[in-house]
Amino acid sequence: MASPPRFPLFDHPSPLQPLPRFCDALGGRAEIWIKREDLLPLAFGGNKLRNLEFLVGAALADGADTLITSGRRWSNHARLTAAAGARAGVAVHLVLSGPPLDPPGPGVRLAQSFGATIHQLATADRDEREAKVAEIADDVTARGGSPYVIGVGGTGAVGAYGQLLAGQEVVAQADEIELGIDRVVLATATGGTQAGLLAGLPPATRVTGIVVARTADELRPVIARTVTELGARIDPADIELDERFMGGGYGRPTAAAREAGDLLARTEAILVDPIYTAKALAGLLGGVRSGVWDSEQIVFWHAGGLPGLFEPLDA
């Protein structure tokens, strides 16, 4: 895939760091490193900035003056779209699924700080959310504007191209320190990050997605299609998706996620949000403790989302 138009949102690679005390707490069974996408420099960081560099670039190349996207009220992608729009000087409309909070939660407040217009829905119904996005796009057009609609999570080949570059970035970092990456473990919600990494990493590197939203049956064809659109090849049967750590559903905390987050915080002073990253970390603990990843060199992909630490998830 040829490089899409790009609107730069950060200047330097996110850090790749070892987790020695965390590894020791797990019995030294694997060598674990962490890719700190949470330290990307805009709006509390997060890997969705990589998607947005190319999505905003495509929007500007199309002459758009308004970005429209959607998600849950704690959406990392929605918050970062608001920030990217502020940086690019374009309007942003966010359609957020409910139920709403009064006062609003941190994700909504941050998006408002960046100047986004919030359309808060009463339920989490996907059809209702998509209908509202279409309504807003029509209204912007009717007023003489030029909307650019970004899919949930910024998924699709244009956004995933940024994740392809992230895969190449971590390989370059690993080569500098003579680290051979056997496996990358990440949270998978819409599939774009996993698809991009599969396209950008060497074929021998396993990419294990810990499912935190949707189902493996929904995600597998989306990931396979996006990998193909990025110009790589994959057998859908080789896409690793683990659904065992989702618990009661998307956005619902689990005891395993809390344990994993506490262990990382107490050994390395690194925080993870309970919605995405802590569940992926629980999947990492499960894989290491099972013994099937013994002696592997593993990179855990910290996708960001730290404002979710302050989101009331029981509402």
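Me: In what order do the four strands of the open sheet lie, and is the pairing parallel or antiparallel?

Reply: In general, strands of a sheet pair through backbone hydrogen bonds, in either a parallel or an antiparallel sense. In this predicted model, the four strands follow the order 5-4-3-6, with parallel pairing. Strand 5 (117-120) and strand 6 (147-149) are at the edges with a single partner strand each, so one side of each lacks a neighbour in the sheet. On average, neighbouring strands here are turned by 25 degrees against each other, direction ignored.

Me: How many bridges join strand 4 and strand 5?

Reply: Strand 4 (residues 91-97) pairs with strand 5 over four bridges, in the parallel sense. Within this pair, Leu94 stands opposite Ile118 of strand 5.

Me: Which strands does helix 5 touch?

Reply: Helix 5 (residues 126-142) packs on the sheet and touches strand 3 (66-72), strand 4, strand 5 and strand 6. The direction of helix 5 makes about 165 degrees with that of strand 3. Helix 4 (residues 106-113) lies across strand 4 and strand 5, at about 150 degrees to strand 5.

Me: Why is strand 2 largely enclosed by the rest of the structure?

Reply: Buried means under 20% relative accessible area. Five of the six residues of strand 2 (residues 31-36) are buried, so the strand is largely enclosed. Strand 2 runs antiparallel to strand 1 (residues 16-18), joined by three bridges, and parallel to strand 10 (residues 297-302), joined by six bridges. Lys35 is the bridge partner of Leu16, while Ile34 stands opposite Phe300.

Me: Is Arg50 buried or exposed?

Reply: Arg50, in helix 2 (residues 48-61), is buried, with a relative accessible area of 3%. A polar contact of 2.7 Å joins its side chain to that of Glu169.

Key. Residues numbered from 1 in each chain as written. Predicted model: local features only at pLDDT ≥ 70, side-chain atom pairs only at ≥ 80, totals over all residues. Heavy atoms only, no water. Buried < 20%, exposed > 50% of the residue type's maximum accessible area, 1.4 Å probe, protein only. Helix = DSSP H or I, 4+ residues; strand = E, 2+ residues; numbered from the N terminus. Pairing = 2+ DSSP bridges. Polar contact = N/O pair within 3.5 Å; in protein donor to acceptor, adjacent residues only side chain to side chain. Axes fitted to C-alpha atoms, helices over the stretch in contact; angles between N-to-C directions. Contact = heavy atoms within 4.5 Å.
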